[in-house]
Amino acid sequence: TLKGFTVLIEKEWLAAGHAFSTRCGHADKHAESSTRSPVFLQFLDLVSQLCYRFPTRFEFDEAFLVRLWRHVHSCRFGTFLGDSDKARLAQRVKARTRSLWAHLSHQKHRNAMYQEDTSV
C-alpha cells in the first residue's frame, strides 16, 4: 500500500540514517563530492520494475515514484533534508518545513490495476 511504502522509506531510509543531503548533493559543499551516489534512485528504479512485473500488487502508480524522486532533489520539503534524524531534529526541519508525505497525500497516485490482497 501507499501507507506501507511511506513507512518503509521512513524506517529503512530516513530513520536508518541514509545521508540524503550528502548522497544527493543538497548542500553546495556536497555538489561535487565523491560521496554523491544514486542509491535511493536505484531503489526507486527497483520498485518501479517490481510495479511493472506485478501490476496488481502496488497501490501507487509510477507517477508517485517520479514525484518522490523529483522532490527528494527539490529541497522543497523537509522530509529528505539532512543526513540523519539527529540532523533534521537539530535543524528543526519538521517545524520549519512541510512534509513531502502530506503533499503527496493530496494527489492521486492510485494504480488502477491494484487488487488488495487480504490473504496476507
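Reader: What share of the contacts in the protein with a separation of 6 or more joins residues 24 or more positions apart?

Author: A contact means heavy atoms within 4.5 Å. In this predicted model, residues 24 or more positions apart account for 64% of those contacts. Residues are numbered from 1 along each chain as its sequence is written. Local features need pLDDT of at least 70, side-chain atom pairs count only at pLDDT 80 or more, totals for chains, interfaces and linings use all residues, and side-chain values use heavy atoms, leaving out hydrogens and water.

Reader: Which elements does the protein have, and how many?

Author: Helices (H or I, at least four residues) and strands (E, at least two) are DSSP runs, numbered from the N terminus. Here you will find seven helices and zero strands. The radius of gyration, taken over C-alpha atoms, is 15 Å, close to the 14 Å that the globule rule (2.2 Å times the number of residues to the power 0.38) gives for 120 residues, so the protein is as compact as a globular protein of that length.

Reader: Which residues touch the most other members of the largest nonpolar core?

Author: In soluble globular proteins, nonpolar side chains tend to be buried together. A nonpolar core is a set of buried Ala, Val, Leu, Ile, Met, Phe, Trp, Tyr and Cys residues joined through side-chain atoms within 4.5 Å; buried means under 20% relative accessible area (1.4 Å probe, protein chains only). Here the largest one has 22 residues, and Phe5, Ile9, Phe40, Leu68 and Phe80 touch the most other members. Helix α3 gives the most, with five residues.

Reader: What does Ile9 touch?

Author: Leaving aside residues up to four places away in sequence, Ile9 touches Leu14, Phe40, Phe43, Leu68, Phe80 and Trp101.

Methods. Buried < 20%, exposed > 50% of the residue type's maximum accessible area, 1.4 Å probe, protein only.
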